[in-house]
Amino acid sequence: MTDISAMKEQQKLLYRLQHIIPRSLGTSIFHNNKHEVVVPQTSDGPEDVEFQMTWGKVAARIWGPPDGRPVFAIHGWLDNAGTFDTLIPLLPKDLRIIAVEMPGHGLSDPFPPDIAYNYLDCFLAIERFASYFKWTKFSFLCHSLGATMSMIYAGVFPERVDKLVSIDIVRLETTRPETIDVRFRKTIGKLLKYEAEIIAGPEKPFSYEEAVEKCIGGTFGSLDRKACDILFKRGLKKVDGGYVFRRDRRLLAAPLSFAPKEDQLVLARKVTADVLIIKCTDGPDFETAENSLEHVEALKINCKRVLYVTVEGKHHTHLTHPERVAPIITDFFNS
């Protein structure tokens, strides 16, 4: 083996040790029940923190006063906590907002190998955070995939959720019995493909401009250059030869999980929180209007209040044009 080949093999081994082999596997929920402040909070900005889980760390951004009204903020698929960086400063100053990054996103560690992403696993993280901060009742401020998780959580633990803000989605995209086998076959194939690529070594680096093009094109123009710059602070990593995305490549495959419409309707009828759904006019339609309306009507059975509001813009309007949604969310939290 040549020196160059040996060096490449060492680099691959180091990458596997850092990104694939499980680390920090312990028995406690939080390491020493403490969180580590990475970046001190400024007068107006957030503090960046890390929480040690049994399988690795979960990163978060904390905004607002320690005694403020408790709010969990959860980002969308392949995004990170930076998605709320332009919105939160426009919201009431008495909110204590913890923007959590789901495993494999942003600065949070990926799941170890052979542990698939289910998304419903975020319930465990929410419960752990709520217990750590001694929050018995709290609200949600969520976008896209994060909003669907909060919607389900509010049906499972209705007594714990006070208010719920769902940005540009009504519920988790439902799985259909007639196509579930095809979906699972494709997902399994993609997962095995991405796992093999990870084991083979790191991704091929690309330039910053290429990263911007990938994100703007991949979101069909929902993100703009400024939004990419914000998300890249936590979602892009500088390496030799350019940049790579921090997100776990396995997230590019659909989760191996079921989300039947009937189950979600049952949970919607159990939600008791105030609910605000903000739908963007040019955002994606994950379901038909009839199905979305059916879910909204199910929420009205036990919810104190259900508001459905449309705003002009695309899927990431809360990030690119926060002034369009901030007044609506502020009125909702203050009412």
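A polar contact is defined here as a pair of N or O atoms within 3.5 Å; within protein, one atom must be able to donate a hydrogen and the other to accept it, and residues adjacent in sequence count only if both atoms are side-chain atoms. The structure is a predicted model, in which local features need pLDDT of at least 70 and side-chain atom pairs count only at pLDDT 80 or more, whereas totals for chains, interfaces and linings use all residues. Residues are numbered from 1 along each chain as its sequence is written, and side-chain values use heavy atoms, with hydrogens and water left out.

Two such polar contacts involve the side chain of Arg 61: one of 2.5 Å with the side chain of Asp 48, and one of 2.8 Å with that of Asp 85. Arg 61 belongs to strand E3 (residues 57-63); helices (H or I, at least four residues) and strands (E, at least two) are DSSP runs, numbered from the N terminus. With a relative accessibility of 13%, Arg 61 counts as buried, a class defined as under 20% relative accessible area, against over 50% for exposed and partly exposed in between (1.4 Å probe, protein chains only). Leaving aside residues up to four places away in sequence, the contacts of Arg 61 include Pro 46, Ile 97, Ala 99 and Arg 234, where contact means heavy atoms within 4.5 Å.

The largest nonpolar core has 50 residues, and those with the most contacts inside it are Phe 72, Phe 140, Val 275 and Leu 299. Helix H3 (residues 145-156) supplies the largest share of this core, 7 residues. Apart from it lies another core, of 23 residues, including Leu 95, Ala 99, Cys 280 and Val 311. A nonpolar core is a set of buried Ala, Val, Leu, Ile, Met, Phe, Trp, Tyr and Cys residues joined through side-chain atoms within 4.5 Å. Among the residues touched by Val 275 are Met 151, Leu 164, Leu 299 and Phe 332.

Phe 332 is also one of the buried residues of helix H10 (residues 326-334), together with Ala 326, Ile 329, Thr 330 and Phe 333. Viewed down the axis of H10, the buried residues fall within an arc of 160° and so line one face of the helix; the arc is that of the directions from the helix axis to the C-beta atoms. The elements covering these buried residues include strands E4 (69-74), E5 (95-100), E6 (138-143) and E7 (161-167).

Phe 138, in strand E6, is buried, with a relative accessible area of 1%. Its C-alpha atom is separated by 6.3 Å from that of Arg 160, 22 residues apart along the chain.
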